[in-house]
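I opened this entry to keep a record of what I looked up, one topic after another.

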Amino acid sequence: MGIHEDDIEKVRNDADIVAIVSQYVALKKTGGQNWSGLCPFHNEKTPSFSVSADKGFYYCFGCQQSGDVIRFVQELEGLDFPGAMEWLAPKVGIALRYTGGEAGGQKRAYRKKLTDVIDNAVDFYNDRLLTAPDAGQARGYLRSRGYDKEIVQQFRLGYSPDDWDQLAQHLGAPASDFEATGLGSNKGQRQQDFFRGRVMFPIFDANGAAVSFGGRQMPGGQPPKYLNTSETEVYKKSHLLYGLNWAKRDAVSSGEIIVCEGYTDVIGFFRAELPRAVATCGTALTEDHVKLMKRFAPKVVLAFDADGAGRSAADRFYEWEKRYEIEVFVADLPDGVDPGDLSATEEGREDLRAAVTGALPFLKYRIERALGSEDLSVPEGRAKAAEKAMALVAEHPNELLRDQYLMEVASRTRTDPDRLRPMLRRSPDPYEGRFGPEGGYQREFSAESVDNYDEGPAVPSLKFDRREAEVIKILIHRPADLEGRVFDFLFDAPGTRRAYEVVASGPDWVGRLDNEPEQVASLLRRLSLEPLEESDEGSSPLEDLGWVVGDVANRVLRDVLGQAAADREHYKAIQPLVQWTKLRTEELSDASQRVGAIDALLAWLQGHFVSEHGDQGGGDGVDA
Ligand SMILES: [Zn+2]
């Protein structure tokens, strides 16, 4: 399933990249069609993030992030490619057409139909909470938690009336759709609501589509405390993190995401000015959750009692840290109070912020707990603490890290490290060597990643040449300066050669960047946005071209000499060429002679490369 090529084309061409980027970044015009501002992808104080209005792309000179408007929306909104297209299409004023595999398009349309029904339910419950007479107790309960109208609206909280079918009546959705959302069931001819007499916490997916609800019991109401619908086409608990739609932006900019246990905990962190908290929907943290979070932040701070989860949880965290290059930290929350309750007072909110700021790496946290549970002022306590802590250290798969912590435990418990070392005996590492070298495993996993997040094609590393790139830059900014003096044989490094071919392919090359390797596209975006340095003190604008031409000439000369080495006569015959080339390349560094030398060398090189591909009778003569 894909989106019609023409529609992609249209969105890319018509979307106003400056207007869209401006929703996230304050941009200033820097000259011509270029704008710049503080980069949304890395922390900086002076702007190095540039946007080209006419070419429709961005490039950051600080962190090298680059792309077009679709990529920008994907990154900032955490959307996959189709998601970003759907986000942009209304702004450009088109309705997307889907291609290939009707089934895929139909599935997407079906999901949309269900989330629209759920979205209506969000409005219905929210409206009931705010206005209905029978929601008085619910409003009182929320007030008692310190929730004001702003919080209710921000999190779209609601109230489900204690009745049989008010939601069903209101929605008027076909019976099969209603049941497929999990919001109710069909009893013969009658539809029946699933949630009755509960405070409603709507659950949205990362893209902000409503997918389900958690319903909280009213004081004195029917258990359980929290009620969830069963899984549906759009509600898969192992893939969903409550709050991610609101938390993702702060997670990206802070590089950190907080994981807690419930809806009210998430809201608590938002109240404590930590708007980057998410919660699982009543399941343990899964690998899919980790993959999802990794899209937004590399540091995961657990804000629940992670220690209680024991060895198997620890093993999973260590494996995920390694596999997804994330770091798992634990916030040391006061015992026995959850973040939701803490957030009710300013003092509690301060505690929450301190717990997150002072979060410790997972292993360190566990070791501290072990050491803290014994009396380190007496030998018996220290011996016991050492034993407990070493059992935890032994669980970690990384040998270097184990060794580091061993030293720390030794020093804290005043024990000889050599006495502790035997305690590191551990079962063979199940993860060692399972994954390839850097990057290799990431690609392997991106192939099956959650809702096919587009990580771009996997490309081998291309070689680029700095001077060749400078020539391409002039070609982009002031092509007239190089008129008639640029040929493909000047580009020797495969990456720069490819970049040249793209620019030479015609004035609309920008629209073709998508099909190019990322390194090539990124280079061209950078070159387009980099200011052209005005050459100083009368040096010719052709200086960079001169260097490149000289390099090529010398390389060709070496080849020619190499081929002639076995033939004494031939070798003698080309000595004038050697002399001639030497003189010309010397002239390249003299501004007054540069143009002449470039033209002479280019004429020779053209002849050489033409004859190389044509007849074999050496064309390496010298024009006197
Ligand atoms: Zn940046």
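Which residues have the most contacts inside the largest nonpolar core? I began there, keeping in mind that the model is a predicted one. The largest nonpolar core has 108 residues, and I found Leu157, Phe213, Tyr242, Phe269 and Leu302 to be those with the most contacts inside it. The largest share of this core, 8 residues, is supplied by helix α5 (residues 102–131). I then listed the neighbours of Leu157: leaving out residues up to four places away in sequence, Leu157 touches Asn126, Leu129, Leu142, Tyr147, Val152, Met200, Phe201, Pro202 and Ile267.

Next, the chain as a whole. I noted 27 helices and 19 strands in the protein chain, and 624 residues, of which buried residues make up 49%. Of the contacts between residues at least 6 apart in sequence, 65% join residues at least 24 apart. The accessible surface comes to about 30,200 Å², and carbon and sulfur atoms account for 49% of that surface.

Then I turned to the metal. The zinc ion is coordinated by Cys39 through SG, His42 through ND1, Cys60 through SG and Cys63 through SG, at 2.1 to 2.3 Å. I checked the geometry as well: the 4 donor atoms subtend angles of 102 to 117 degrees around the zinc ion, and the arrangement is therefore tetrahedral. For four tetrahedral donors the ideal angle at a metal is 109.5 degrees. Along the sequence, the donor residues follow the spacing C-x2-H-x17-C-x2-C. Because Cys39 lies in the loop between β3 (34–37) and β4 (49–52) while Cys60 belongs to strand β5 (residues 57–60), this pair ties together parts that are 21 residues apart in sequence. Both Cys39 and Cys60 are buried.

A further entry concerns strand β16 (residues 277–280), in which Ala277 and Ala279 point one way and Val278 and Thr280 the other way, with all of them buried. Strand β14 (residues 241–242) runs antiparallel to β16 and is joined to it by 2 bridges; I noted that Leu241 has Thr280 as its bridge partner in β16. Strand β15 (residues 256–260), by contrast, pairs with β16 in the parallel sense over 3 bridges, and here Ile258 stands opposite Ala277.

I also looked at helix α11 (residues 263–271), which is mostly covered, with 9 of its 9 residues buried. Among the buried residues of α11 are Ile267 and Phe269, together with Asp265 and Arg271. Ile267 is one of the residues that Leu157 touches, and Phe269 is among those with the most contacts inside the largest core. After α11 comes Glu273, whose phi is positive, near 60 degrees.

Is Arg485 buried or exposed? I located Arg485 in the loop between α21 (466–477) and α22 (494–504). Its relative accessibility is 19%, so Arg485 counts as buried, the cut-off being under 20%. Beyond its neighbours within four places in sequence, Arg485 is in contact with Leu490, Leu542, Leu545, Val595, Ile598, Asp599 and Leu602. For one of these residues, Asp599, I noted the separation from Arg485: 114 residues in sequence, and 7.5 Å in space from C-alpha to C-alpha.

Technical notes
Residues numbered from 1 in each chain as written. Predicted model: local features only at pLDDT ≥ 70, side-chain atom pairs only at ≥ 80, totals over all residues. Heavy atoms only, no water. Donors = N, O, S within 2.8 Å, 3.2 Å for Na, K, Ca; no water. Tetrahedral: all angles 85-135°; square planar, octahedral: opposite > 155°, others 65-115°. Helix = DSSP H or I, 4+ residues; strand = E, 2+ residues; numbered from the N terminus. Buried < 20%, exposed > 50% of the residue type's maximum accessible area, 1.4 Å probe, protein only. Contact = heavy atoms within 4.5 Å. Areas by Shrake-Rupley, 256 points an atom, 1.4 Å probe, with all protein chains shown as cover. Core = buried A, V, L, I, M, F, W, Y, C linked by side-chain atoms within 4.5 Å. Pairing = 2+ DSSP bridges.
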